[in-house]
Amino acid sequence: MHLDQMFPKKTLDAEDLAKFAPAGVVVTIERIDYKTMPSRQMGQPEIVYYMHVREFLKPFKLNTYNGYLVGDLFGTKETNDWIGRVIKI
């Protein structure tokens, strides 16, 4: 059995997109949400943010870099303003 079948990824990443659409794909942002994950070290739990789009079942994991990149493209750091907007990724 292939390891990707045994342990499927829960989010989309650049590698997935490169296989699916090497030139990029236009998506519509549906929502931004988060999950609280246990800390890797003793201390505060980690909050992981996700961007859900209409065109894919799996969400994209938002990190500082791509979050601010999307915010700069839309001209707003308020993620609620991104809902319904279209972006090429």
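Before that, the conventions. This is a predicted model, so to speak of a local feature we need pLDDT of at least 70, and side-chain atom pairs count only at pLDDT 80 or more, while totals for chains, interfaces and linings use all residues. Residues are numbered from 1 along each chain as its sequence is written, and side-chain values use heavy atoms, with hydrogens and water left out.

Layout. The protein has 3 helices and 4 strands, where helices are DSSP runs of H or I of at least four residues and strands are runs of E of at least two, numbered from the N terminus. Reading from the N terminus, the order is α-α-β-β-β-α-β. The C-alpha trace spans about 40 × 35 × 20 Å along its principal axes.

Of the 89 residues, 28% count as buried. Buried means under 20% relative accessible area, exposed means over 50%, and partly exposed is in between, with a 1.4 Å probe and protein chains only. As for contacts, meaning heavy atoms within 4.5 Å, consider those with a sequence separation of 6 or more: residues 24 or more positions apart account for 50% of them.

Now the surface. The accessible area, from the Shrake-Rupley method with a 1.4 Å probe and, for residues, only the protein chains shown as cover, is about 6,900 Å², and 56% of that belongs to carbon and sulfur atoms. Met-1, Leu-3, Met-6 and Phe-7 make a nonpolar patch of about 510 Å². A patch takes residues with over 30% relative accessible area and no salt bridge, joining nonpolar side chains (Val, Leu, Ile, Met, Phe, Trp, Tyr) within 5 Å and like charges within 9 Å. Met-1 itself lies in the segment before α1, residues 3-6, and is exposed at 80% relative accessible area.

Charges next. There are 12 positive and 11 negative side chains, and the centres of the two sets lie 2 Å apart. Lys and Arg count as positive, Asp and Glu as negative, and His and the chain ends are not counted. Each charge is placed at NZ of Lys, CZ of Arg, CG of Asp or CD of Glu.

How many salt bridges does a search of the whole structure find? The search finds 5, a salt bridge being a side-chain nitrogen of Lys or Arg within 4 Å of a carboxyl oxygen of Asp or Glu.

Lys-9, Asp-13 and Asp-16 are linked in a network. Lys-9 meets Asp-13 at 3.1 Å, N to O, and Asp-16 at 3.0 Å. Lys-9 is partly exposed at 37%, as is Asp-13 at 29%, whereas Asp-16 is buried at 18%.

Another bridge joins Lys-19 and Glu-15, with the closest N and O atoms 3.6 Å apart. These two are separated by about one helical turn, because they sit 4 residues apart in helix α2, residues 14-20. Lys-19 is exposed at 63% and Glu-15 is partly exposed at 48%.

Last, Arg-31, in strand β1, residues 26-37. Is Arg-31 buried, exposed or partly exposed? At 40% relative accessibility, Arg-31 counts as partly exposed. Leaving aside neighbours within four places in sequence, Arg-31 contacts Tyr-50, Met-51, His-52 and Ile-83. Glu-15 is 16 residues away along the chain from Arg-31, and their C-alpha atoms are separated by 22 Å.
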